[in-house]
Amino acid sequence: MRTILVTGPGGAGRSTAAAATALTAARAGHRTLVLSADPADGLGAALATPTGPHPVRIAGPDAPLTAWRPAAAPFGADLLRLQEWAAPALDLAGAARLEAEELTPLPGAEEAAVFRALRESAQVADTDVVVVDLPPLDRALSLLALPPQLRRYLRRLLPAERRAASGLRPVLGRLAGIPLPTEGLYETVDRWDRELAAVEAVVAAPTTTVRLVAEPGPAATTALATATTGFALHALRVDALLASRTLPRSLDGDAAGSWLAGPLAQQRAALDDWTARPAAPVHELPHLGREPRGLDDLAALGVPLDAAPPRPVHWPVEDRLAADGVLVWTIPLPGAVRGELDLLRRGDELVLTVGRFRRIVPLPSALRRCTVTGAGLSEGELRVRCTPDPALWPRK
């Protein structure tokens with residue numbers, strides 16, 4: 001299954017670009033599903049067909065095109081169950097119970113519903129392409145990084161070995177003199193872990209890419225440069241940069257001395273800058289003189305669909321033991337600034353910080369038996385030098 005995640009700065013026309021991408025895929029003969037978390041239903045406005053909690057078939061394309069805006073995830077039921085399972089410990093602490101009437105949807109519940117739908121779509125054989133209309137850039141980056149982060153928290157708080165020792169819990173509870181979590185809690189945690197793992201697998205799949213949408217201008221240029229580094233840190237590939245609402249180049253000569261001269265010059269400068277960057281191909285989406293509405297307008301935008309996604313991102317480990325006595329781990333970080341870069345070794349993990357982005361990644365197996373002895377940033381690549389620990393490295 002091909003998955004395309006669409007995001008960009010706020011107000012850039014993300015939902016319209018997602019709808020147009022889905023239409024291109026469907027007209028190319030792919031069975032296509034487009035998902036959105038937008039409570040205002042920008043996707044439905046672009047398609048001229050309201051979307052909601054039940055999938056809606058869009059008539060017209062050559063292959064099935066379905067639009068779906070899943071309902072917010074019902075977290076309250078799980079929370080109330082956890083409260084019941086933890087009742088003995090809560091009673092000891094004098095905690096006041098929550099009632100179902102008190103629970104309101106949490107921020108991000110809509111996005112969680114989209115993740116659930118994305119996971120379910122990956123398990124269905126009748127979908128070729130899934131297009132996801134994500135929130136604006138900052139929220140999208142945090143959202144895509146969430147599944148592995150939550151899984152890591154679950155592993156730390158309730159390790160798999162502890163969850164597996166179900167038969168020992170009553171005995172341990174009597175020995176400790178305090179109530180231990182019940183079987184239901186561990187079953188819920190295991191279910192959460194499986195569901196998060198399924199979402200993580202879809203996002204990290206070789207057939208998943210990110211598509212950025214922005215209206216050419218200085219603010220968008222800064223936002224996209226920062227976001228490109230953030231996506232690279234999470235090993236997410238950008239397959240295209242869609243320049244929305246691009247004014248016709250035929251106006252360049254006629255606009256001299258008019259109010260259009262400024263916007264045209266600003267757009268041209270931004271487009272030149274984007275094209276010069278090797279991050280992703282730039283595609284200009286024309287300004288239609290109105291907000292695109294309906295399939296004809298979406299088709300007129302000419303949004304492309306690459307025949308194959310770009311190559312997967314690799315973080316290779318180079319063996320330089322013979323020449324320099326080190327292993328070098330290369331991490332592509334386009335746009336990273338040396339002064340905003342930091343890394344910290346914690347056990348078998350490396351904490352990578354690039355500006356306001358942070359990711360905790362497991363070290364490759366060979367590097368776990370090494371000491372991090374240095375790192376350098378050059379031409380958009382971070383090279384981490386690791387020296388084998390004599391106490392852990394096999395002797396010849």
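These questions and answers walk through one predicted model.

Residues are numbered from 1 along each chain as its sequence is written, and side-chain values use heavy atoms, leaving out hydrogens and water. Because the model is predicted, local features need pLDDT of at least 70 and side-chain atom pairs count only at pLDDT 80 or more, while totals for chains, interfaces and linings use all residues.

Visitor: What is the order of the strands in the open sheet of eight strands?
Guide: Strands here are DSSP runs of E, at least two residues, and helices are runs of H or I, at least four residues, numbered from the N terminus. Two strands pair if DSSP finds at least two bridges between them. The pairing in this sheet is mixed, and the order is β3-β4-β2-β5-β1-β6-β7-β8.

Visitor: Which are the edge strands?
Guide: An edge strand of this sheet pairs on one side only. The twist averages 25 degrees from one strand to the next. The edge strands are β3 (56-58) and β8 (282-286).

Visitor: At what angle to β6 does helix α10 run?
Guide: Helix α10 spans residues 218-233. It lies across β1, β6 and β7 (238-246). Angles run from 0 to 180 degrees between N-to-C directions, with axes fitted to C-alpha atoms, for helices over the stretch in contact. The angle of α10 to β6 is about 170 degrees.

Visitor: Why is α10 called roughly parallel to α11?
Guide: Angles under 35 degrees count as roughly parallel, over 145 as roughly antiparallel, 65 to 115 as roughly perpendicular and the rest as oblique. The axes of α10 and α11 (residues 261-276) come within 9 Å and cross at roughly 20 degrees. That crossing angle makes the two helices roughly parallel.

Visitor: Which residues of α11 make the contact with α10?
Guide: Contact means heavy atoms within 4.5 Å. From α10 come P218, A220, T221 and L224. The α11 side consists of Q266, A270, D273 and W274.

Visitor: Is T330 buried or exposed?
Guide: T330 sits in strand β10 (residues 326-332). Buried means under 20% relative accessible area, exposed over 50%, partly exposed in between, with a 1.4 Å probe and protein chains only. The value for T330 is 10%, so this residue is buried.

Visitor: Is P39 buried or exposed?
Guide: P39 is in the loop between β2 (32-36) and α2 (42-47). Its relative accessible area is 63%, so P39 is exposed.
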